[in-house]
Amino acid sequence: MLARFFDSDFFYSFRRNPVAMVSAAVVFMIIVSAVFSPWLAPHNPFDLASLNLLDSFKPPFFQADGELSYPLGTDDQGRDVLSAIMYGTRISLTVGVLAIAFAMVVGIGLGLLAGYAGGAVDALLMRIVDVQLSFPAILIALLVDGIARAALPREFHDRIQLWVLVVAIGIAQWPQFARTVRGSTMVERGREYVMAARVIGIPSVRIMLSHILPNVLGPVLVIATLNLGLAVLSEATLSFLGVGLPPTQPSLGTLIRIGNDFLFSGEWWVTIFPGLTLAVMVLSINLLGDWLRDALNPRLR
Amino acid sequence: MALLEVEDLRVEFPTRRGLLRALDGVSFQIEAGEILGVVGESGAGKSLTGAAIIGLLEPPGRIGAGQVRLNGERIDNLSPERMRRIRGKQIGAIFQDPLTTLNPLYSIGRQLTETMQTHMKLSDRDARERAIKWLEDVGIPAARERIEAYPHEFSGGMRQRVVIALALCAEPRLVIADEPTTALDVSIQAQIIALLKRITREHGTAVMLVTHDMGVIAETADHVAVMYAGRIAEIGPVRDVVRSPSHPYSEGLMGSIPSLVHRVDRLRQIDGAMPRLNAIPQGCAFNPRCPKVFDRCRQERPGLLPAGATRAACWLAEAGNG
Amino acid sequence: MVDTPVLEAIGVSRHFDVSRPWLQRALNREPRRFLRAVDNVSFAVPRGTTLSLVGESGCGKSTVARLSVGLYEPTSGDIRFEGQDLAAARADSRLRRKMNMIFQDPYASLNPRWRVRDIVAEPIRAFALLSGDAAITARVGELLTQVGLAPADGEKYPHEFSGGQRQRISIARALSSAPDFLVCDEPTSALDVSVQAQILNLMRDLQARLNLTYLFISHNLAVVRHMSDALGVMYLGRIVELGPAETIFARPLHPYTRLLLEAIPDIERVGTPRTPVGGEVPSPIAPPPGCPFHPRCPLANDRCRSEKPAHIHVEGVDVACHAVQEGRV
C-alpha cells in the first residue's frame with residue numbers, strides 16, 4: 001500500500017514541485033511543534049509560578065540585551081514569546097481544524113442531499129447558500145458569536161468559547177463545501193454506475209454515501225486545505241477583535257492583539273513573531289492547497 | 001513523386017518510466033487526388049499519425065525519427081510559425097468535434113473569409129462571395145442569409161459541413177480528416193461522407209481519412225492502411241484489403257464486423273486486446289494474439305512485404321512469396 | 001397456454017419537463033415546454049428472445065431502456081414485467097432481482113473507487129442471495145470466469161482494465177443477481193470492432209446458456225441484425241416499424257427504415273456510392289405535425305403532413321405509415 005503510494009503519479013507530481021515540498025515541510029514542522037508544544041517548548045507560558053516579572057520585555061536573542069533562554073524575547077509578564085507562539089499555534093490549529101471538520105460534515109451532507117435530490121430541496125438549500133455567501137464570512141462568525149454571548153451565561157460562555165468559535169467559523173464556511181459537493185454530485189448522479197445501483201434498488205442514502213461520496217471527495221480535500229488557512233485567519237481576526245479566545249487561552253490572534261499594544265513602545269517582537277508565524281503558516285497551507293488542486297485535476301495531468 | 005510521403009515515422013512520448021514509441025516505422029504515400037483510409041482500434045496510432053503530419057502533436061509527444069514530405073519538401077522539421085502557414089494553405093484539417101474547430105465567438109462567414117484572406121490575396125467582397133459559394137457547395141441551405149450566423153445556430157451535421165468548407169476554402173492540396181463522422185447519426189454520416197468525397201474529387205484534393213469505421217473506409221477510400229500498436233499492419237487498395245486481407249490482424253478485423261447483408265451465428269473474434277504502448281511484445285506486435293504465429297514472429301519484427309495486391313507486415317507474406 | 005412476455009409495454013409515453021425556471025418563464029410569459037421523449041410505444045419481449053430498438057440519437061430508445069427497468073416512470077401507459085405492473089414488480093425484491101441492465105460507457109458504469117469484487121458482489125449483497133464472505137467470493141470468481149476474466153481480477157480496480165474487459169465486468173455484475181431479463185443500452189457502441197465481436201459473442205453464449213431475455217438498444221443496424229429476434233425502429237419517440245428482424249431486414253416497409261438501411265456503410269459494398277437522404281432529425285420538443293418523418297420522406301403527401309399515421313399490420317410487421325397503408329410504396 002505504502003509502496004503503491006510512493007510509486008503513484010500523485011507522489012511523482014509532489015516530488016517534481018519544489019514549492020509544494022517546501023510548503024509541506026513548513027506545515028509539517030509547524031504542526032509538530034504545535035502538537036508537541038508541552039514537550040518541545042522551552043517554557044510553559046501558562047505556569048504562573050515560573051513567570052518572573054523581572055524577565056519582562058526581554059528582546060530576542062540577537063539583540064543586545066537578549067538571552068538564549070528566551071530566543072524570541074518575552075512579553076509584559078515575562079512570558080517566553082516562542083513558547084507562547086507554540087502553544088498559541090496549537091490552539092489556533094485546533095480551532096481551525098475543528099471548524100473545517102464541522103463545515104465539511106454540514107457542507108458535504110447538505111451538498112449531497114441537494115445534488116442527489118434535486119428539485120425543490122436543491123433550490124431551497126442553494127438559495128440559503130447564496131444568501132449566506134453574500135455576507136462576509138467574518139460577519140457571520142461575529143453574528144454567531146454575538147448570539148452565543150447574549151444567550152449563554154458569561155461564565156459558561158467563557159468555558160466553551162473555543163467551541164463557539166468552531167461553530168461560528170464552521171457555519172461561515174459550510175456553503176463552499178455544499179456548493180462544490182452539490183456540483184460534483186449532480187455529475188456523478190448521472191453516471192451509469194449510479195444508475196446500475198438504482199436498477200437493483202439500492203436505497204438513496206446508501207447510494208449517496210457508498211457510491212457518490214468517495215467520488216466527490218477530491219475537490220472537497222482541496223477546499224478543506226485552502227479553507228483551513230482561512231479558518232485559522234478567521235480565528236485570529238476574531239481573537240484580534242477581542243471576541244475570540246480569552247488571554248487565559250491565547251491563540252495566535254490573541255497574542256497578536258496583546259502584542260499590538262507594545263508595537264509602538266519599542267517591544268515589536270511581542271506581536272511581530274506571532275504575526276509572522278501566522279502568515280507563514282497560512283501561506284504554506286494555501287500553497288499546498290493550490291498544488292493539491294492541480295495534482296487532483298485530471299485535465300492538467 | 002507522391003503528394004505526401006511519410007517515411008519511417010516514429011513518434012515518441014518521454015514518460016517517467018522511459019520512452020514510449022506511439023508510432024514506430026510508419027511509411028506510406030498519398031498521391032494527389034487520392035483518398036487514403038487509415039483504420040485501426042483506439043490507441044493504434046491513427047489519429048497520432050495525422051497530428052504528426054500537420055505538426056499538432058501534443059507535448060511531450062515528438063517526432064523521434066523519420067521524415068514527412070509534402071511535394072518533396074520536408075515539413076517535419078519546420079518552425080511552428082512556418083508550419084502554421086502550411087496548415088490551412090496546403091493541408092486542411094477536419095476533426096471529430098466541429099465545435100473544437102469553429103470559434104464560437106465569430107460568425108461562420110468571418111471565419112471563412114479570414115481563413116481565405118490569410119492564405120490568398122482576396123478583396124473583402126470577393127472573399128465574402130467565395131464564402132457564400134463554399135457554404136452553398138457544402139449544402140448549407142440559404143447560405144447568403146446564414147453567412148452571418150454563429151456556430152451554435154447550426155445543428156451538428158450542418159456544423160460539420162461548415163468545418164469541411166473551412167478546411168477546404170483555402171484550397172489545400174491535402175486534407176486530414178480525423179473521424180469526421182463519428183459524432184454524427186448514421187443518416188447524417190452518409191450525407192457528410194458523400195459530400196467530402198464529392199468536394200475533394202472536384203478539387204483534386206488528396207485526403208487522409210482517419211476512422212475506426214471500416215464501412216466508411218470501404219465506401220470512400222481508394223487505399224487503406226490498417227494500423228496496429230503504432231505500426232502499419234497492412235496497406236493496399238481498399239478492395240483487396242477488405243475482401244482478401246493478407247495480415248492475420250486485418251483478416252480478424254474484417255471478420256469481426258457484423259454484416260447487414262448476411263447473418264452469421266458467431267462473429268469471428270480476435271481474443272485478447274491490443275498491447276499497451278509500454279508492453280509491446282518483441283517481434284511482430286500482433287504475435288501473442290495471432291492464430292498463425294510461429295517462432296520467427298516472436299523474435300524479428302517484419303517490415304511491409306508484398307502480399308498479393310497489398311503489402312503486409314507479416315512473415316507469412318514472405319513465406320508466400322518464397 | 002401462451003407464455004406471458006417477460007416485458008410488455010402498452011401505449012407507454014414519457015414526457016420530460018424542459019421548461020425554463022419559473023421566474024424566467026413568468027417574466028417572459030412562456031408556457032411550460034415538454035419533450036416527448038417516448039410517445040405511445042407498445043411492444044412485448046417474449047422469454048428467451050431479443051428485441052432490439054434501433055434509431056438515431058434523440059429517438060427515445062435509451063428512455064425506453066430506462067423506463068423498462070424503472071429508472072423512469074411512464075407519464076402514461078403500462079409497463080408489465082412477468083405479467084405484473086412494473087412498479088409493483090420492482091417493489092418486490094424477488095422480482096426486482098430478475099431484471100438488470102448493461103450500460104454503454106464502460107468507463108462510467110463501474111464505480112472507480114470500488115474493487116471489481118465489490119462491484120460484482122453488490123447485487124448479491126443487496127438481494128442477500130448469499131451469506132458469508134467465502135460464499136460470495138466463490139460466486140464472484142465464478143461470475144468473472146463466466147465472462148472470460150480470472151477470479152484474481154476481482155482484487156483490481158476498474159482503471160486497470162481495458163474497455164472490453166470493463167464491459168465484461170459490467171456483464172458479470174448484471175448476471176450476479178441471477179436475472180432473467182437484461183436491458184442492454186448500447187453495450188458495444190463505445191468498443192472497438194474486434195472487442196465488440198468478443199462482447200456480442202459472449203452475450204449470445206450467455207443468452208443460450210442461461211435462457212436470458214434481452215431488450216437491446218443500439219444505433220448500429222448491423223449489430224442489431226446479428227443479435228435480434230425482433231426489431232423495432234424508432235423515430236422521434238415513436239416506433240415506426242416493429243416485427244421479426246429477418247422480415248424487416250429482408251423487406252423494410254417504412255421509408256425511415258429504408259433510409260437507415262441505405263445509409264449504413266458496409267464493408268460488403270466497397271466503392272458503392274449511396275444516395276443519402278437529406279434533412280436531419282427535427283427537435284423532439286417541437287415535432288412536426290402529422291407523421292414526424294414527413295419532412296424527410298420522399299413519399300410524403302398532404303395526409304402525412306396533417307394526420308398521424310396509426311399502426312397497421314402487414315404480414316407480421318407493425319408499421320405506422322400512410323404510404324404503406326395506401327399502397328404507395
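Here are some worked exercises on a predicted model with chains A, B and C.

Residues are numbered from 1 along each chain as its sequence is written, chains are lettered from A and ligands numbered from 1 in the order in which they are written. Because the model is predicted, local features need pLDDT of at least 70 and side-chain atom pairs count only at pLDDT 80 or more, while totals for chains, interfaces and linings use all residues.

**Exercise 1. Chain A as a whole**

Work out which secondary structure chain A has, and how much of chain A is buried.

Step 1. Start with the elements: helices are DSSP runs of H or I with at least four residues, strands are runs of E with at least two, and both are numbered from the N terminus. Chain A has 13 helices and 0 strands.

Step 2. Now look at burial, where a residue is buried with 20 or more other C-beta atoms within 10 Å of its own, exposed with 12 or fewer, and partly exposed in between, the C-beta atoms being placed from the backbone. By that rule, 43% of the 301 residues of chain A are buried.

Step 3. Finish with contacts, meaning two residues whose C-beta atoms, placed from the backbone, lie within 7 Å. Among contacts in chain A with a separation of 6 or more, 69% are between residues 24 or more positions apart.

**Exercise 2. Confidence in chain A**

Find which helix of chain A has the lowest mean pLDDT and which has the highest.

Step 1. pLDDT is the predictor's confidence in each residue, from 0 to 100. Chain A has a mean of 87, and 97% of its residues reach 70 or more.

Step 2. Going element by element, α1 (residues 2–6) of chain A has the lowest mean, 70, and α10 (residues 192–199) of chain A has the highest, 95.

**Exercise 3. A helix pair**

Describe how α11 (residues 204–240) and α13 (residues 269–296) of chain A pack.

Step 1. Two packed helices are described by the angle between their axes and the distance between the axes. Axes are lines fitted to C-alpha atoms, for helices over the stretch in contact, and angles run from 0 to 180 degrees between N-to-C directions.

Step 2. The axes of α11(A) and α13(A) come within 8 Å and cross at roughly 165°. That makes α11(A) roughly antiparallel to α13(A) (the cut-off for this term is an angle over 145 degrees).

Step 3. List the partners: α11(A) residues including Leu221(A), Leu228(A) and Val232(A) meet α13(A) residues including Leu278(A), Ile285(A) and Leu292(A).

Step 4. Sort the contact by class, with Ala, Val, Leu, Ile, Met, Phe, Trp, Tyr, Cys and Pro as nonpolar, Asp, Glu, Lys and Arg as charged, and the others, Gly among them, as polar. The contact of α11(A) with α13(A) has 14 nonpolar, 5 polar and 1 charged residues.

**Exercise 4. An enclosed helix**

Why is α12 (residues 252–260) of chain A described as largely enclosed?

Step 1. Count the burial: 8 of the 9 residues of α12(A) are buried, so the helix is largely enclosed by the rest of the structure.

Step 2. Name some of them: Leu252(A), Leu255(A), Ile256(A) and Arg257(A) are among the buried residues.

Step 3. Find the neighbours: these buried residues pack against α5 (81–117), α11 and α13 of chain A.

**Exercise 5. Two interfaces**

Find how many residues each chain gives to the B–C contact and to the C–A contact.

Step 1. Between chains B and C, the contact takes 38 residues from chain B and 37 residues from chain C. On the chain B side, α8(B) gives the most, with 7 residues. That side divides into 18 nonpolar, 12 polar and 8 charged residues.

Step 2. Between chains C and A, the contact takes 20 residues from chain C and 14 residues from chain A. The largest share of the chain C side, 3 residues, comes from α5(C). That side has 9 nonpolar, 5 polar and 6 charged residues.

**Exercise 6. Backbone details**

Where do Pro60(B), Asn40(C) and Glu82(C) lie?

Step 1. Pro60(B) lies in the loop between α1 (46–53) and β4 (62–70) of chain B. A cis peptide bond joins Pro59(B) to Pro60(B), with omega about 10°.

Step 2. Asn40(C) lies in strand β2 (residues 34–45) of chain C, and its phi is near 50°, a positive value in a residue other than glycine. Asn40(C) has 18 other C-beta atoms within 10 Å, so it is partly exposed.

Step 3. Glu82(C) is in the loop between β4 (76–81) and β5 (84–85) of chain C, with phi near 50°.

Technical notes: Angles under 35 degrees count as roughly parallel, over 145 as roughly antiparallel, 65 to 115 as roughly perpendicular and the rest as oblique.
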